[in-house]
Structures are given as C-alpha cells and as structure tokens.
Amino acid sequence: MNKQIALRCLSILSFVGIWWAGSLLSPPEILPGPVAVGKTIVSNFTTAGPEDKTAEFHIAITLARILFTFSIAMVLGVALGLLMGLRRKVELAFGYLIPIALTIPTLLAVFLCVMWFGYSEAGGLFAVIMTVTPFVTVNMLAGTKALDKDLLDMARAFKADRRLIIRKVLIWQLMPYIFSAFRYAFGMTWKIVALAETFGLKYGIGYMFSFWFEQFNMVQVLAWIMLFVALMLILEHGVIARVEERVFAWRPVHAL
Amino acid sequence: MSSQAVVIEGLSKMFPSPNGLGQFAVIESLSLEIARGNFASIVGPSGCGKSTLLNIIAGIEPHDAGQVRIAPQDGTGSSARIGYVFQSPRLLNWLTVEDNVKFALEAQNIERGCWDERVKKYLDMVGLAGQERNFPLKLSGGMQQRVAIARAFAIEPDILLMDEPFSHLDEITARKMRVDLMHILERARPTILFVTHSLREAVYLSEEVYMMSVKPARIFKHLRVEIPRPREPEDPRLFDLEKSLVKEFFAVLEQDHR
C-alpha cells in the first residue's frame, strides 16, 4: 500500500521535474516554471485580482456551479434512465432522443446556449445540464438491462413487496452503474463548467482563464489551470473514491 | 384437506414450441398431495419441468390449467408461507448473512420483535453461528447455500421448496450438506417438496418419492420410503431401493422414446 502511494508521488514529482526542465529551456512568457506558478497561486489567494476578488471567491463560484448542475443532471439522468429501463413505453418514447443528445458536441451546446440565453448564468448552467444528463441516463439504462432476474424471482418467491425489492434488491444492483455515472458525470460537469465560464459566465475559475488569456499572461493562466486540476483531483480521489469504498465494502477486493 | 399441506390437481403448463409454431405441454395434468410435515421428493431427468413446477407452486410463474392449494399451518385464511431454496444460493451479496435472513422475514411481514431470535436459531441450525456479520461473497459455495437454507427455514414455511439445492456443490460438500439436512429435520419439520435428478439423494432424504417422466412431465410412480430417519447414507436398504427404482426409471424412459 505504501509502495503504491510512493509510486504515485513519484509520477507527480516527475511531472513537475519535466515541467521545470522545460521552463529552463523556454522564455518565461511561454512556459514559466513551477516555482513562479506556485508563487502566483499563493498571491492570488492573498491579494485581490481583477474585479477586486481573491481566488477563494472564484473557487466558491465554480464549485457552486458544479454542485448545482451536477446534482440536477444526476437526479434527472437517474430518474429518466430508471423509467426507461423499467418501463418499456418510456424507453420507446425517449429511446431515439438519447443518441441525438449524445451526438451534439459539447462545445456547440455551450455556444447554442449562449445564443439562446445570452451571456447569462442560466444559459451556462443549462448547457451543462443538457450535455451531462444524457450520459447519466445511458448508464442507468445499461444498469437496468443488467439486473439479475434470478434475484428478482427469489424476492418474489418470498413475497417481497415492491418497496422492499427496490430498497434491498434493485438499488444495490444498480449501485455500480450509479457510481460510474457519478464519476463520469462529475468529470464532464467540471470540464463543461470551466468551458462555460471561459466563454460566457462571469466569475469563476474558467472566467479567470479567459481573463488572463486575453492579457496573454502565461503565469496566471497556468496558475489557474493548476489550481483547478488540483481541486478536481482532490474531489475525485479524495471524496468520491472514499464514498465508493464504503458502499462497496461487500465486494471482495479483487473484484474492484 | 387439513392434513394436506399441498394439493395439486390437474396442473398443466404450456411453453411455446422452439420452432415458434404453437405450443407444447411441459407439464400435463399433474396431480400430487403432500401431507403436513412430510418430506416428498420429485425425481426426474433434467429438463422434465421440475423447476417449472416449483416456480408455479411459488407463484412466480403462471400455469395454464389446474389448481395449486397450499394450506397455512394455522388453518386460518391467511396466505401460505412458502420457503424456497434454489440451485444457486441467490443471496443478496450486499447484505450481511443475517440481513439476508432478515430480508425473507421482512418480505413475509414477520414481526420485527422475533427477527433476532429467528436469525440466531436458524443460522445456528445450519452451522453458521458466528458468521452473522460476514458478507456472502466471503463465504464458500457450501456456506452460501447454508445461508439460503437458513433463510428459507427462518420464515417457518407451510411448504419448503428445494430445487436441486446441492447440485452445484462438489460431491464431498453436497454429501455433508445432505447429512446435516437430515439432522436439521430432527429439530424443524416443515413440509418439504424436494426436487432432484438423483434417486440416491431422493431415497436417502425423503419419506415419499414421486417419479417423473419427461415431456410432458407426468408422475408415473409414487412410493413411500419406509426406513426410519435419521438414516445412514450407506444404509444397504437405500442402495437396494435405489437400484430397483433406477431399473424402473429406464424402463419408462425407453417406453417414452418409442
């Protein structure tokens, strides 16, 4: 276990090492080194930047947007996927809409929403929900197709009612699919939120990318990117992975 | 009626033909009765519709004609309790061993107050004391099947259906499980309908044996095994009985083929 952690640290160290070596070979306005970027990140927290806001403010805005759109997309997607999987008529009615929705390029969805809603909060958030929901739906639909009929027969033979079947038989079989949808949707959400912030929304980490991009300030662009990546990695591996470990305690380790 | 736990009359079940045209009978006007507290086996070759019969009795598969009546032990009009042990354990792997048993208790609306006592009693009985908090996937196949047996016994069923419960286990484990089941039956005596393709298993365990032929499934012989229980697996009387029944079986099967 400790070996694994050491190896992971090594991969991060070698990344920083290559970055540092590259920065020595190129002018600072093209590739500033890790130290310069690190100092910029710290100073972004301590001194107010454009719009008179510090980094915490932008982080909070971005996280709030992610949380809001992600929750709505998860609830909608899970509900729609379950309905489609368990009710044949719903699947027939919505079946074709899903591949259509999945085909629309994410970038275009963001542009579309900007055209529909203008540079407003609603437009950006709508774009995220619109692109993430179908992915969750597809995952849940796949989950319902993989339900074990033998277990359902067992539950019915023991005369379990619908509520008990849902609580103790269905939900748990769907859990791996819910989690893979969860991870995937989360990854998509933060990418699209960043995109929407870059193109249209005011404030947020993505907004800061585009602000510094227009100034062609490479140190700041990299500082915000690194901050963003670090935050998302902590959320994915620190929070989601922990929850997952708890929920899947019943599975033998080699199955994970 | 009151002394009978299960009465099946003229039961028929049709399946669509493999070629898609019309139907064929899997089970045709099958009748049988099992007295309360009896251990009855149905022996027949694979694919003769034994599992289908159990599923119909359990109410998870519809039938086309005939009647299945199960009398609750308390003689009231309430619906009968049916326990089921399948070929594979069919446990809820995300629930602990004790929660798997409680699942059946909850499904059967058994009062919460007696859950702990029932769980303890029946897990002890199948030899799983101490495994309550373990998850099924951490147990061996034989132990998982013991959980399934405890789950079915724990609801104290009016009829306990067992569908080749030992056929997925290796022979040594299966043999141990049969002997243990024999001992369990000294302590709990539900009415049991046990389905198997093994005559040896049937004559060793049961008081009554129904022999079934294939396509459509019908019963061509019913006999009582008059050897007092508990029995020894090596009892020569069992071997003799098995031998004579095997002969009869092949005679009927050959007849069916003509």
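**Entry 1: the kind of model**

Before anything else I noted that this is a predicted model, and I kept that in mind while reading every value that follows.

**Entry 2: the sheet of chain B**

I began with the strands, and I reminded myself that strands of a sheet pair through backbone hydrogen bonds, either parallel or antiparallel. In chain B I found an open sheet of six strands in the order β5-β6-β7-β3-β8-β9, and its pairing is mixed. Which strands stand at the edges? They are β5 (82-85) and β9 of chain B, and because each has a single partner strand, one side of each is left without a neighbour in the sheet. From one strand to the next, the twist averages 20 degrees.

I then followed the pairings one by one. Strand β3 (residues 39-43) of chain B pairs with strand β7 (residues 192-196) of chain B in the parallel sense, over five bridges, and in this pairing B:Ser41 stands opposite B:Phe194 in β7(B).

Is strand β8(B) buried or exposed? Five of the six residues of strand β8 (residues 208-213) of chain B are buried, so this strand is largely enclosed by the rest of the structure.

I also looked for a helix against the sheet, and found that helix α1 (residues 50-58) of chain B packs on it, touching β3, β5, β6, β7 and β8 of chain B. The direction of α1(B) makes about 150 degrees with that of β6(B).

I took B:Leu161 as an example and listed its contacts, leaving aside neighbours within four places in sequence: they are B:Leu54, B:Ile57, B:Ala58, B:Ile82, B:Gly83, B:Tyr84 and B:Leu193.

**Entry 3: two helices of chain A**

In chain A I examined helix α3 (residues 55-86) and helix α7 (residues 121-145), whose axes come within 7 Å and cross at roughly 35 degrees. The crossing of α3(A) and α7(A) is right-handed, and their contact has 17 nonpolar, eight polar and two charged residues.

**Entry 4: where the chains meet**

How many residues of each chain are in contact with the other? I found 17 residues of chain A in contact with 18 residues of chain B. On the chain A side, α8 (149-157) and α9 (162-199) each supply at least two residues, and the largest share, seven residues, comes from α8(A). By class, this side of chain A has 11 nonpolar, no polar and six charged residues.

Most residues other than glycine have a negative phi, and most peptide bonds are trans, so I searched for exceptions. A:Tyr203, in the loop between α9 and α10 (205-214) of chain A, has a positive phi of about 65 degrees although it is not a glycine, and with 17 C-beta neighbours inside 10 Å it counts as partly exposed. B:Glu156, in the loop between α4 and β6 (159-163) of chain B, has a positive phi of about 50 degrees, and its 18 C-beta neighbours inside 10 Å make it partly exposed.

The cis peptide bond I noted joins B:Arg229 and B:Pro230, with omega about -5 degrees, and B:Pro230 is in the loop between β9 and α7 (236-257) of chain B.

Last, I looked up B:His183 in helix α5 (residues 171-187) of chain B, which counts as exposed because it has 12 C-beta neighbours inside 10 Å.

Terms used. Residues numbered from 1 in each chain as written. Chains lettered and ligands numbered in written order. Predicted model: local features only at pLDDT ≥ 70, side-chain atom pairs only at ≥ 80, totals over all residues. Contact = placed C-beta atoms within 7 Å. Helix = DSSP H or I, 4+ residues; strand = E, 2+ residues; numbered from the N terminus. Nonpolar A, V, L, I, M, F, W, Y, C, P; charged D, E, K, R; others polar. Axes fitted to C-alpha atoms, helices over the stretch in contact; angles between N-to-C directions. Left-handed = near helix turned anticlockwise from the far one by under 90°. Buried ≥ 20, exposed ≤ 12 C-beta atoms within 10 Å, placed from the backbone. Pairing = 2+ DSSP bridges.
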